[in-house]
Amino acid sequence: DPYSKEPIRHKALKINGQKPFCAEPPPSLLIESFITPTELFYVRNHLPVPEIDIKTYSLELIVGEVTRKELKFEDIKKYPKYTITSAIMCGGNRRSEMAKEKQLRGLSWGIGAVGNAIWTGARLCDILKDLKINEDDYNHVQFEGYDLDPSGTPYSASIPIHKGMDCRADVILAYEMNGQIIPRDHGFPVRVIVPGVVGARNVKWLAKIIVTKEESQSQWQQRDYKAFSPSTDWDNVDFSTAPAIQEMPVISAICKPEPSETIKVINGKINVKGYAWSGGGRKIIRVDVTNDQGKTWHTANLNAEDYNAKEGKYWSWTLWSIDLPVKKDCKETEIWAKAVDASYNVQPESFRNIWNLRGFLCNAYHRVKVKLEH
Ligand code: MTE
Ligand code: MO
């Protein structure tokens, strides 16, 4: 069994898949703190977790077809050390809600395929600078992992070259997560963090960086993590017609209360909490909440504790909270939330017209029905 040497995981994680291991924290624990505790951070593996010895670990740097360098773990640590706080979100986060619209294929994620952590490592732009490559000669930076499928093919993905070369993009080869050595499930000893970009490009257990003209040819870049029109189905889909998902759209979720929970009304109000995030470093500028189907929208208080974030570099999520007025004697209510980002992008109202066959980019208003106790 290639899965016989998997790490031990936290008991609170809700398991969506055992082999490969995929799990998320429950909503209430998800937003307990601005920084997601490492052991509660969602895990999305596609293959068995590789066993890597830090003493023999090496990272191959390839330009075109030519190997230019092999970096040992210590060589990566010699680069200037950068720390960023950034969320990572799976492209399939909140898929279980989209699946209710119409059947689709993919793991049934709730709202917890996201986490916000402190990442420390070397900047990709510094490493690429040392290779003295001309950005105009290439189009993509590919990342290969040490995790292999049964045929020996590694997990792999790529990002556009401008993203990799741009120091402002804060792409880092992280060797610490929340101030500690990265645990095996999250990419020990080195993983890529591409802030603001779909989780799938944040390659764990990094084995190779390949600067090329072509995008990664892996199945995860070419035949997965792409979205289509609601009328595209498995009998007429052509994956070559859609670009690979990179920057993520604006999204939010209500984490407290949870669906069907009974909550106490205090002074005519209930407390509602959640997270909001947008890709591409776009700041969350507002979160609107309603419990009368949008007749009245209330603006939530935002908590974006990452005070170092600069314009266009809001990599962290924003936590929000509101004391929401509810009607007297009402026994049940449905809460909706929607976020707005710095480009005034806003979440779509429902899943109906954004449904796609693999269940990606599930960012419709989040709706939670709860019971009230007066
Ligand atoms: N990197 C490798 N090598 N193998 C993988 O299976 N999964 C990707 C990405 N990087 C994956 C990977 C996907 S789809 C996501 S959402 C994130 O890792 C999840 O990161 P996490 O498990 O640290 O939360
Ligand atoms: Mo993912």
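**Notes on the predicted model**

1. Let's start with Lys369. Leaving aside residues up to four places away in sequence, Lys369 touches Glu258, Pro259, Ser260, Glu332, Thr333 and Glu334, where contact means heavy atoms within 4.5 Å. Lys369 sits in strand β22, residues 366-373; strands here are DSSP runs of E with at least two residues, helices are runs of H or I with at least four, and both are numbered from the N terminus. With a relative accessible area of 49%, Lys369 is partly exposed. For that label, buried is under 20% relative accessible area, exposed is over 50%, and partly exposed is in between, using a 1.4 Å probe and protein chains only. Lys369 and Glu261 are 108 residues apart along the chain, and their C-alpha atoms are separated by 8.0 Å.

2. Before going further, a word on the ground rules. This is a predicted model, so local features need pLDDT of at least 70 and side-chain atom pairs count only at pLDDT 80 or more, while totals for chains, interfaces and linings use all residues. Residues are numbered from 1 along each chain as its sequence is written, chains are lettered from A and ligands numbered from 1 in the order in which they are written, and side-chain values use heavy atoms, with hydrogens and water left out.

3. Back to β22 and its sheet. An open sheet of five strands runs in the order β15-β22-β21-β17-β18, and the pairing is mixed. At its edges stand β15 (262-264) and β18 (298-299), each with a single partner strand, so each has one side without a neighbour in the sheet. Two strands pair if DSSP finds at least two bridges between them. Inside this sheet, β17 (residues 284-290) and β21 (residues 332-341) run antiparallel and are joined by six bridges. Arg286 has Val340 in β21 as its bridge partner.

4. There is also an open sheet of three strands, β1-β2-β3, with antiparallel pairing. Here β1 (14-17) and β3 (43-44) are the edge strands with a single partner each, so one side of each is left without a neighbour in the sheet. β1 and β2 (residues 22-24) run antiparallel, with three bridges between them, and Gly17 stands opposite Cys22 in β2.

5. Strand β13 (residues 206-212) is worth a look on screen. Six of its seven residues are buried, so β13 is largely enclosed by the rest of the structure. β13 runs parallel to β4 (residues 58-63), with four bridges joining the two. With β8 (residues 140-148), β13 pairs in the antiparallel sense over six bridges. Lys208 turns up in both pairings: Glu60 stands opposite Lys208, and Lys208 is the bridge partner of Glu144.

6. Tyr155 counts as buried because its relative accessibility is 7%. Not counting residues up to four places away in sequence, it touches His46, Leu47, Phe143, Glu144, Gly145, Asp147, Ala200, Val203 and Trp220.

7. Strand β20 (residues 318-325) is joined to β16 (residues 269-277) by eight bridges, and the two run antiparallel. Gly274 stands opposite Trp320 in β20. β20 also pairs in the antiparallel sense with β19 (residues 301-303), over three bridges, and there Asn301 stands opposite Ser321.

8. Thr85, in strand β6 (residues 81-89), is buried, with a relative accessible area of 14%. Beyond residues up to four places away in sequence, Thr85 touches Phe34, Ile35, Asn116, Ala117, Ile118, Asp306, Trp315 and Ser316.

9. Finally, the whole protein. Its secondary structure comes to six helices and 22 strands, and 57% of the 374 residues count as buried. Among contacts between residues at least 6 apart in sequence, 72% join residues at least 24 apart. The C-alpha atoms fill a box of roughly 70 × 45 × 45 Å along the principal axes. There are 50 positive and 47 negative side chains, with the centres of the two sets 3 Å apart; Lys and Arg count as positive, Asp and Glu as negative, and His and the chain ends are not counted, with each charge placed at NZ of Lys, CZ of Arg, CG of Asp or CD of Glu.
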